[in-house]
Amino acid sequence: MTTFQFQDMLALEGHDETPYRLVSDQFVSTFEAQGQTFLKVDPQALTLLTQEAMRDIAHLLRPGHLAQLQAIVEDPEASSNDRFVAKDLLRNAVIAAEGVLPGCQDTGTAIVMGKKGQLVFTGGGDDEAIARGVFDTYQRSNLRYSQLAPLDMYKEKNTGNNLPAQIEIAATDGDEYKFLFMAKGGGSANKSYLFQETKALLNPKSLLAFVESKLASIGTSACPPYHLAIVIGGTSAEYALKVSKYASARYLDRLPKSGNELGRGFRDVELEAQILELTRKVGIGAQFGGKYFCHDVRVIRLPRHGASCPVAMAVSCSADRQALGKITKKGIFLEELERNPSRFLPAFDGSKLSADTASVVKIDLGKPMSEILAQLSQHPIKTRLSLTGTLVVARDIAHAKLKEKLDAGEPLPEYFKNHPVYYAGPAKTPEGYASGSFGPTTAGRMDSYVDLFQSRGGSMVMLAKGNRSNAVTEACKKHKGFYLGSIGGPAARLAKECIKKVEVLDYAELGMEAVWKIGRRQGQRFLRVHQRAGEAQLDRGGLVMSVEGEKPSSSEGVEGLPFLTANERSIGGVFRQSPEDFSVEEIPAYLPSGEGDHVYVRFAKRGLTTPDAVKSMAKALGVDGRECGWAGLKDKHAVTVQWASFLRADVEKARALSVDGITVLEVSRHRNKLKTGHLHGNRFSLVVRGCVEDALAIARRVAERITLDGAPNYYGAQRFGRDGDNAKRGVAWLTGETGAPRDHFERKMFASSVQSWLFNRYLAERVQDGMLSLYIDGDLAVRHPGDRVFAITEDEARSTYASRACSATGPMFGPEMRWPDGSAKAREDRVLAGSGLTIEHFARAKGLAEGTRRAVRVCPPKVEVTEEGPGVLRFVFELPAGAYATAVLREFRKSDDEGLRSEPLWGIEPPR
């Protein structure tokens, strides 16, 4: 009979030598209970530590990692490719450490692992406090939101804040709270592998052969040199994978170096050295051939079930983002990362530098594609190239759009045939920059398009990072195309030193995912294709482009709408980095009289919808929420000022009202309830940050055009619902494909979304034809201000349209809508017929879509544009009730008001 003995499977030995910095000595205290001294940790400590950690790891690296890059540059056995990559990554680290641009454009999934001592008391809610820290950092910093929430099995939406985070907290002994913070990008996460092996693997010959065979499958798309971790064994497959992730972060370096009969995990440092040597002989190198595929290797052996032998592999890439943290009686501590990475940049030997660049081949991208291909075909794989000229930038969604053209029997656009295509994308744009951290996208995501596009004369020269599939190799052989690869990793350097300007070429409505035409100065890449797939490198000079940061999803109702000022370039930049960047003040139709049973409250709100704000105020005032009123709905993600009414509320209580997110500004009385539409208009103040260099001049030209002709009165994305599919669902209901929604408000919302979608479609045709402020035979018009619709003659329209005294109207279809005559009616008939709907279909809405008309343009009296700092513009203007500020702003930014989807949209085409 054996004796019980307990042993921690991953017990670390020795003293923690990690250098820590004190974040704060606040939010911690001690108390006595049951003869024990407890550490009390306020939730603010967890939020603060997480905020600091997630920001630090986005910009800073461990000194040990930087020293390894320095060693590559100084190693005489390193290939010139190895040194080239290491040097660029060091330069990138210097720029990222400035705290503006993150080191990598893919700022990753936030992962927090905690070990909470039994003598640590927080009162609960640890996960929420940590998640708040992640949220705050990603909101305030120039980081990318990468988390997609599944709405059903197939449809997803970006959460817009990089939550949820992966948070795991374990109980342990002691009176300290210890953490590992990580940010794992998609590239390195995709290179985590699990293999289910058997006892037959557990001998030196078989194990080394197995590892060697798997190294090539890791490839270069996750941006080596890597920190490679291999775990052999494990009480479960998922545990083996988790341990490999921790090991890649060097979190388990203090494991014992041998096993024992109780089954503890240990490091096999001899095997680590053998595998490291294997990685240096496979020839992959630091992305383009050489010695440094890996910086180092960790091999951990775990106990296993006798019938199972899991093997897990994981890497930490050149965005080596992790830091330790702890909370003790002395305060809140975070691992001290390197804040002066420039000290690792060695003094380079000029003769070595000359040798490294002597074989560079210059390629003029301004020549015809046939000549570019002929020149590339003269050089072998691994030739370094210096490219000068024009590129187009296109990623996943743009490729899907182009494929739709081919599927519809249309040819590829000429730009896709005449220029190389660069797969790339940025993080959020900081103030004063044309782009956020900008790096090449993993090329494999576009593999499925290559054969088709090359067969039609497109994608003949492609640039990105990482290895590609055999399908691309075969396509390049068949069509004589080329794939050139860029360094994966130096995204901050590209944004700061190389990216200056861009011209949108196609699909402007896709924002960041649009097709861009870019000019570039001389820069170097490796040619890794000789009619077969390979990789390449980018050096100084780089790209000249400006791309907007990532934003929340847009609605199909606004996707693809043409711009009145399409001849003007985008001002670039990012809108709504904070609620303060979108301020709106209601202009009431009347002011309260001072007498009556309804208490009118003028209030400012932040982070609340109008119904939620009024509901909270009604509850605090103790009145019936059903008797409350407001004139218009105001955006949640903004700072807004408006009125609301409350029946028989206490005036003094209203003046003293205290509700989170709400500030009471004025209180009075009136005889009637405030109702929707009791509104003259709204005054907007909008801030766009990170605009292009000449944005003020561009914006003033656009403002002048809007002052002259007005702006298209499109419905904004808000009109089409949070998920952007209200119109599609409304069409399904009105055509009988689905049943009617049970909720009255939902039926009304769906019906109005269908009307709005069709109005936008009609208006898009009018703008596209240059007829926004011109007369179309049969027009029905409306005066500004006013809502009475009347027939207008061409002579009347010529003067009143030009003076902005009145505008033409477009259809809000329904059985009671007044129809125009002549050509105007023919246009509206065509729009309705093209949707697959008839007027009879609107009868299913039973009075919720009777039909009306809407002005085709909004005519703000003045659009003021001021510069508040480098790259920061403020727009101030007034609009009538029912008009969308974002419909005006999109003319300046050439981007839809709520940004992008992660999938192709149906835009202004009929919903399927």
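**Exercises on a predicted model**

Thr 107 sits in the loop between α3 (80-96) and β4 (109-117); helices (H or I, at least four residues) and strands (E, at least two) are DSSP runs, numbered from the N terminus. The model is predicted, so local features need pLDDT of at least 70 and side-chain atom pairs count only at pLDDT 80 or more, while totals for chains, interfaces and linings use all residues. Residues are numbered from 1 along each chain as its sequence is written, and side-chain values use heavy atoms, with hydrogens and water left out.

**Exercise 1.** Determine whether Thr 107 is buried or exposed, and what its side chain reaches.

*Solution.* 
- Buried means under 20% relative accessible area, exposed over 50%, partly exposed in between (1.4 Å probe, protein chains only).
- Thr 107 has 3% relative accessibility and therefore counts as buried.
- Its side chain reaches the backbone nitrogen of Arg 144 at 2.7 Å.

**Exercise 2.** List the residues through which α6 meets α8.

*Solution.* 
- From α6 come Leu 207, Leu 208, Val 211, Glu 212 and Leu 215.
- From α8 come Leu 271, Gln 274, Ile 275, Leu 278 and Thr 279.

Technical notes: Polar contact = N/O pair within 3.5 Å; in protein donor to acceptor, adjacent residues only side chain to side chain. Contact = heavy atoms within 4.5 Å.
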